[in-house]
Amino acid sequence: MATTDLFNRPLRDLRISVTDRCNFRCVYCMPKEIFGANYPFLPHADVLTFEEITRLARIFTGHGVEKLRLTGGEPLVRRNIEDLVAMLVEIEGIHDIAMTTNGSLLSAKKAQALKKAGLQRITISLDSLDDAVFKSMNDVNFPVAKVLAAIDNALAAGLAPVKIDMVVKRGYNDDGILAMAEHFRGTGIILRFIEFMDVGNTNGWRMEDVVPAREILDTIDARWPIEPVEPNYTGEVAARWRYRDGQGEFGIIASVTMPFCGNCTRVRLSADGQLYTCLFGTRAHDFRAMLRDGASDDEISSMLGRVWGNRADRYSELRSKNTVQLKKVEMSRIGG
Ligand code: SAM
C-alpha cells in the first residue's frame, strides 16, 4: 500500500542524485559563472555511500516506492555506478531502474556494464544536433557526435526504450526543434521536449525564455501532423504525442505552461541524503543525519511516512513572480 499525501497522491518514484558534480556546464542548469572552480561542491564524506542509498531505497519501498531513477549532477561521473545498480536491483518491490545522463561517459563498455547490472532504461540529454548550438549550451565544447555515439551504445546494450531529453530555451535551440524531431522520428527512440524550468535560483530563468509546449506542438504539427496518445500510466511526466504517419511518438514535459503536480508521485534524494518532495523544493528533510546517527529502519520509515503524509507541494500550479524568487534547491543537487 502506497502512502498518500495531503492531496491523496501516492508515493511511487524515488529519484536518486548520486553526485552534485557534472562535467557539463549547461547554461540553464549549472552556469559556468556560478559553478566555477570555487563552487563549494559536496565533500566526498558528505555524499551517501552505495550502502546508504540502497538502505534508504529498500526502506522507501515500504511506502510504495517501486521505480528508481539515478541522476545527478552527472551520474556517470560517480565511480562504479553499475555496482549501485546491482545493489538496487536486489531490492524486493523495485520494478524499474532507469538513469538520466548527458551520455558523455557512456562508452559501449559502460552501457553493457550498466545493462548487466540490471539497469533497464536510459534517458540521454541532447539539446541540439548542431555542434555550435550544442556546444554553446553545454558550455564545455562537447560535440554532438559523441552523444550520438552514446545513444548507439545504449541501443546496442539493450537499454530500451532510449529516451532523449531536449531542454528548449528560446533564442538558443528553438530553431532546432524540427531537426531533432526529424532525426529521431521512425527510430523507436523517444524524443522529449522539456520547457526551460525555474529550478533553483542560479540559471537566470525568465518566462520570456520558455518556449511553451503549445508552440512546440504547433511547429511539429505543421510539418508532420500529430495526435495525442493516452498516458502509459497515471502520473507520467511527459505528455505523449504521435506522428499520424506512423513514425512513432515523442513527449512534451511542460511543467511551466501545463503543470502536472496533481499526479506527482515523485520524491527526490540529494547526493548528501536530503529528501525533497518537489523539484522546486525549498525544504529538505535530513535523512543522512538519521542514517549516520544510528536510526533504525522503523524510525527512518516513520520519518518518510510523516514527510510524505504531510506533503502539499504543487509549485508549478502556483508558479508566480513571487514563487520564482523563493530559495529553491539547485537542479544539480537533486537531478531532473
Ligand atoms: N547530467 C544528467 C543529464 O544531463 O541528463 C542528469 C542530470 S540533469 C539535471 C537532468 C535533466 O534535467 C537533463 O535532461 C537536463 O537537460 C534537465 N534540466 C536541467 N536544468 C533544467 C531546467 N532549468 N529546465 C528544464 N530542464 C532542465
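Salt bridges and cysteines

Q: How many salt bridges does the structure hold?
A: There are 25 salt bridges, counting a side-chain nitrogen of Lys or Arg within 4 Å of a carboxyl oxygen of Asp or Glu. This is a predicted model, so local features need pLDDT of at least 70 and side-chain atom pairs count only at pLDDT 80 or more, while totals for chains, interfaces and linings use all residues. Residues are numbered from 1 along each chain as its sequence is written, and side-chain values use heavy atoms, with hydrogens and water left out.

Q: Nice. Which residue does R311 form a salt bridge with, and how far apart are the closest N and O atoms?
A: R311 pairs with D5, and their closest N and O atoms are 2.9 Å apart.

Q: Which parts does that pair tie together?
A: R311 sits in the loop between α9 (297-309) and α10 (315-318), and D5 in the segment before β1 (13-17), so the bridge ties together parts 306 residues apart in sequence. Helices (H or I, at least four residues) and strands (E, at least two) are DSSP runs, numbered from the N terminus.

Q: Is R311 buried or exposed?
A: R311 is buried, with a relative accessible area of 3%. Buried means under 20%, exposed over 50%, and partly exposed in between (1.4 Å probe, protein chains only). D5 also counts as buried, at 6% relative accessibility.

Q: What about R311 and D313, what is the N to O distance there?
A: The side chains of R311 and D313 meet in a salt bridge at 3.6 Å, N to O. D313 counts as partly exposed, at 26% relative accessibility. Salt bridges with shared partners join D5, R9, R311 and D313 into one network.

Q: And D13 with K67, how far is that one, N to O?
A: The D13 and K67 side chains form a salt bridge at 3.9 Å, N to O. D13 is in strand β1 and K67 in strand β2 (residues 67-71), so to speak distant parts of the chain, 54 residues apart. Both D13 and K67 are buried.

Q: Switching topic: how many disulfides are there?
A: Zero disulfides, taking a pair of cysteine sulfur atoms within 2.5 Å as the test. For C22, the nearest cysteine sulfur is that of C26, 6.3 Å away.

Q: Is C22 buried or exposed?
A: C22 is buried, at 17% relative accessible area.
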